[in-house]
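Dear colleague,

Please find below the structure that I am handing over to you, together with its sequence. My notes on what was found in it follow.

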Amino acid sequence: MTAPTMKTYHNSLKTALDDDFLRQTLDKFAVQYRANRQLIFADVNEKELIAEIADAKDASLDQLDQLYERFKIEAEKKGVVVHRAATAKDACDLVCQLAKENNVQTVIKSKSMTAEEIHLNHSLEEAGLKVTETDLGEWIIQLRHEGPSHMVMPAIHLSRHQVADVFAETTQRDQDSDISKLVKVARQELRAKFAGADMGVSGANFAVAQNGSIAICTNEGNGRLTTTLPRVHVAICGIDKLVPTIHDALRVIKVLPRNATAQAITTYVSWITGAVERQEDGQSAQKRFHVIFLDNGRSQLIQDAKCRQALRCVRCGACANVCPVYRLVGGHRMGYVYIGAIGLILTYFFHGHERAKLLAHNCVGCEACKDVCAAGIDLPAIIQEIRARLTEEFGSSMDVALLGKVLANRGLFHTLLKFAKWAQAPVKKGRYIRHLPEIFSLGQGFRALPAIANESFRDIWPALKPPFVPGAKKIGLFAGCAQDFIFPGHLRAAVTILAKLGVNVEFPLTQSCCGLPVQMMGQRAAAIATAKGNVLAFKSLDVDYVVTLCASCASHIKHRYADLLAGENMSADVKAFGDKIIDFSSLLTDVLKVKPETFVNNHEKVGYHYPCHLVRGMGVVEAPKTLLKAAGDYQPAAEEDVCCGFGGTYSIKFPEVSGTLLANKLNNLQATGATTVVTDCPGCFMQLDGGEAIRGGKLKVEHMAEFLARHLAK
Ligand code: SF4
Ligand code: SF4
C-alpha cells in the first residue's frame with residue numbers, strides 16, 4: 001500500500017468521522033476503559049510499577065546482545081532453534097524456508113504484531129502456503145483483507161453485522177449477527193484448521209534469557225492450540241522482547257493486561273520452554289520449535305538517544321485507548337501497522353519516513369498517552385522529535401517555514417503583529433475576525449477566530465504595573481504570544497488579582513512566544529531561538545516565581561527547554577527558569593494561599609475545562625477546583641480533562657478532527673447547566689470561546705484570571 005497524500009489522508013479522516021458506528025463504538029470503549037482502568041489499578045502502585053518497568057526495559061536494551069546469547073544457549077539446550085533476522089524480508093524468508101524444510105502446507109497463526117509488522121501472511125501466501133489467523137479479531141480482518149485497527153482488539157472498528165456478513169460469505173451460509181452465535185461459527189470453522197495445520201506461528205510477549213522460555217498473554221485459547229498442535233512452531237518477536245529473568249516478565253504482566261483491557265490478568269499466560277515430545281503418526285517425535293528475533297531497525301533505534309524509549313513498549317495499546325484522535329478516527333487512520341501514539345513513532349522507524357510524514361502530524365499533543373503508558377515512554381516528545389526530523393528531511397511548506405523564521409526573530413514578530421492589527425480592520429467584527437466563506441477559512445468555520453487586540457499587554461503594562469511593595473514576593477509574568485497580543489484581558493485580570501494580594505510583578509519586554517507552536521510544526525531552529533530569548537529575558541530579574549496564564553507555555557518551558565537548549569551552554573539558567581515556572585491557579589492556592597474570603601461567591605454556576613498541559617503537563621488537578629468553589633458554584637463536566645481539540649497548529653492542520661473534539665467538549669460543558677466555563681490556557685479559551693460563538697450558545701467562556709477578578713472582594 002502506498003503512503004497517503006495530504007488530500008487522501010484528509011478524505012479518509014472525514015470518512016471515519018462520518019462513520020457513526022465507529023464513532024459510537026470507540027466512544028463507548030474509551031469511556032468504559034477509563035473508568036475500568038482506574039478500578040483495576042486501585043490495588044497496585046501504578047506509577048511505581050511503571051517506573052520500575054521503564055528502568056528494567058532500559059537496562060535490557062543496554063544488553064540485548066548478551067541477553068540474546070544467553071537465551072540462545074538456554075533454549076538450544078532444550079531443543080529449540082534460535083535465529084536472528086536483520087530485516088523484515090530476512091524474517092519472512094526464514095519462516096518460508098522453515099516451512100519448506102518441514103514440508104509445511106498449512107499454517108495457523110495466533111496474534112502477533114511482529115508478524116503484522118513484517119507482513120508475514122503476504123510472504124507465506126506468496127510461497128503457496130495456506131495461512132489462517134486463529135485469533136477471532138485477526139481472523140475477521142484477514143477475511144476482510146484489512147490490517148488491525150488496534151494492537152489488542154484488531155477488529156474493534158467492525159459491527160457484529162459486518163462480521164456476520166463476512167462470515168456468511170466465508171461459510172456460504174446466512175449468519176445471525178448475535179455475537180455468541182458468531183463466536184460459535186468461528187470456533188467451528190477454526191477447529192478443523194487447528195487439527196490439520198502443519199505449522200503454528202505465534203508471537204511472544206517475553207523471551208526470558210534466564211531459561212530460554214517464551215511467554216504469551218492471550219484471552220482466547222487459540223494461542224495454546226497454535227503453539228501445541230502443529231508439528232512445527234515458529235515464534236517470532238522483536239529483539240526488544242528479551243528480558244533477563246522471569247521476575248522481569250512478571251513485573252510487566254502486572255501492568256500489561258491492566259493497561260490493555262483493564263483486566264487483572266489475561267485469561268491465559270502461556271510459558272513455553274523447550275521443544276517437547278509429541279506423537280506423530282503413532283510414533284514419538286520431537287516438536288520442531290524455532291524462535292526468531294527480529295531486528296528491523298531496532299539496533300539502530302537503541303543508539304538513538306532521543307527516541308530509544310520507544311523500544312520499551314510492551315504493546316498494551318493503552319496509548320490508543322486514551323488518545324482523543326484515535327477515538328475519533330480509529331487505528332486505520334492513526335498508524336500503519338502499529339497504531340495510536342506508538343504507531344506514529346514505529347511507523348517512522350519500521351515502515352519508512354515517507355509513510356510517517358502525515359501521520360506524525362496527526363497528534364494534538366494532549367499527553368494522555370504519556371500519562372498511561374505501561375513503560376513510561378514520553379510519547380509526545382518522541383512524536384515532536386520525529387516531526388522535526390521529517391521537516392529537516394522533507395522540508396516544510398512555505399508558510400510554515402516563514403512562520404518559523406518570523407517567530408525566531410522577536411522584533412520582527414512583534415512588529416508584524418502590530419501591523420496585522422491594522423491589516424485585519426476590513427475583516428474584523430467585534431472581538432472576532434468576520435466569518436469567511438469556506439474557501440478562505442481553510443476549514444476553520446467550526447470556530448470564530450479572535451481578532452488581534454487593539455492594545456497589546458506590553459503596550460498597557462507600564463500603566464498597569466502595581467506599586468512596589470517592600471519585602472513582598474516578586475513574581476515574573478510570562479505572557480506568551482496569544483495573551484500578549486490577542487487576549488491581554490487575561491493578563492490584566494491576573495495583575496489586578498496579584499496587586500490586590502500585595503505582590504510585586506515584573507514583566508520583561510524582551511520575552512516572546514514560548515516556542516511551542518513552532519516546535520509542534522517541526523521548526524527546531526525557531527524553537528531553540530525563542531526558548532533562548534525567554535531564558536535570557538528573565539535571567540537577571542531575581543523573581544521568586546515566573547507565573548504564566550498559559551498551561552501550554554508553562555509545560556513547554558518546564559519540560560522541553562532543557563532538551564531544546566542542551567547545546568547552548570546555559571543549562572544552569574534554563575534549570576533556574578524552569579524551576580520557577582508556575583501556573584496561575586497553583587500560584588494563588590499553593591504559594592499565595594488565597595482564602596475563600598478573597599472572593600465574593602454569588603453562586604454563579606461554573607464549569608471547568610482542564611487544559612491538557614495543566615492537568616497532565618504540569619500535574620495540576622486540585623488548584624483550579626479549589627478556586628472555582630471559592631468564587632462560584634462549580635459544576636463538574638463529563639470528561640473534564642479530555643482535550644478540546646486546540647493543540648496549537650493542530651486545529652489548523654486537522655480542522656475536521658479539532659472541530660469534532662470541540663463539539664464534544666462544548667456538549668459536555670453545556671450538559672452541566674453552567675452559565676460560565678473557565679479554563680487556564682489561551683489556546684483552550686480561543687477554541688471554546690470561538691466554538692461557542694459559532695454555535696450561538698449561551699456559555700460565557702473566561703480565563704480563570706478573568707473569572708476570579710470578576711469575583712474579587714473589594
Ligand atoms: S499526545 Fe494525545 S493526541 Fe498525541 S498521540 Fe498522545 S494521546 Fe494521541
Ligand atoms: S507505547 Fe506505552 S501505552 Fe502504547 S502500547 Fe506501548 S507500552 Fe502501551
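**Findings**

Gln172 lies in the loop that links α9 (160-171) to α10 (179-196). The model is a predicted one, in which local features need pLDDT of at least 70 and side-chain atom pairs count only at pLDDT 80 or more, whereas totals for chains, interfaces and linings use all residues. Residues are numbered from 1 along each chain as its sequence is written, and chains are lettered from A and ligands numbered from 1 in the order in which they are written.

**Positive phi values**

The phi of Gln172 is positive, near 60°, although the residue is not a glycine. Gln172 is exposed, because 6 other C-beta atoms lie within 10 Å. For burial, a residue counts as buried with 20 or more other C-beta atoms within 10 Å of its own, as exposed with 12 or fewer, and as partly exposed in between, the C-beta atoms being placed from the backbone. Ala262 also has a positive phi near 60°, and is found in the loop between α12 (246-261) and β9 (268-272). Ala262 is partly exposed, because it has 19 C-beta neighbours inside 10 Å.

**Domains**

The chain is divided into domain 1 (1-40 + 300-395), domain 2 (62-294), domain 3 (408-591) and domain 4 (596-710); these bounds come from an automatic or database domain assignment. The centres of domain 1 and domain 3, taken over C-alpha atoms, are 29 Å apart. Six residues from domain 1 and five residues from domain 3 take part in the contact between them, where contact requires C-beta atoms, placed from the backbone, within 7 Å of each other. The side of domain 1 that touches domain 3 consists of two nonpolar, three polar and one charged residues. In this classification, Ala, Val, Leu, Ile, Met, Phe, Trp, Tyr, Cys and Pro are nonpolar, Asp, Glu, Lys and Arg are charged, and the others, Gly among them, are polar.

**Strands**

Strand β12 (residues 288-294) is largely enclosed by the rest of the structure, because seven of its seven residues are buried. Arg288, His290, Ile292 and Leu294 point one way from β12, and Phe289, Val291 and Phe293 point the other way. Two strands are taken to pair if DSSP finds at least two bridges between them. β12 pairs in the parallel sense with β1 (residues 80-85) over six bridges, and His290 in β12 is the bridge partner of Val81. β12 also pairs in the parallel sense with β7 (residues 232-238), over seven bridges, with Gly238 opposite Leu294.

An open sheet of four strands, with mixed pairing, has the order β8-β5-β6-β9. Its edge strands are β8 (242-243) and β9, each of which pairs on one side only. β6 (residues 213-218) and β9 run antiparallel and are joined by five bridges; within this pair, Cys217 stands opposite Val269 in β9.

Helix α16 (residues 340-350) is largely enclosed by the rest of the structure, because eleven of its eleven residues are buried. Just after α16, Gly352 takes a positive phi of about 105°.

Ligand 2 is surrounded by 15 residues, of which the closest are Cys313, Cys316, Cys319, Ile342 and Cys373; a residue is near a molecule if its C-beta atom, placed from the backbone, lies within 6 Å of it. The elements that give two or more residues to this shell are α14 (318-321) and α16, and α16 gives the most, with three residues. By class, the shell around ligand 2 has twelve nonpolar, two polar and one charged residues.

Around ligand 1 there are 14 residues, and Cys323, Ala341, Cys363, Cys366 and Cys369 come nearest. Two or more residues of this shell come from each of α15 (324-329), α18 (368-372) and α19 (379-394). The shell around ligand 1 divides into twelve nonpolar, one polar and one charged residues.

**Leu708**

Leu708 is placed in helix α36 (residues 704-710) and is buried, because it has 27 C-beta neighbours inside 10 Å. Leaving aside neighbours within four places in sequence, Leu708 is in contact with Ile497, Phe599, Leu627 and Ala631. The C-alpha atoms of Leu708 and Gly632 are separated by 9.2 Å, the two residues being 76 residues apart along the chain.

Technical notes: Contact = placed C-beta atoms within 7 Å.
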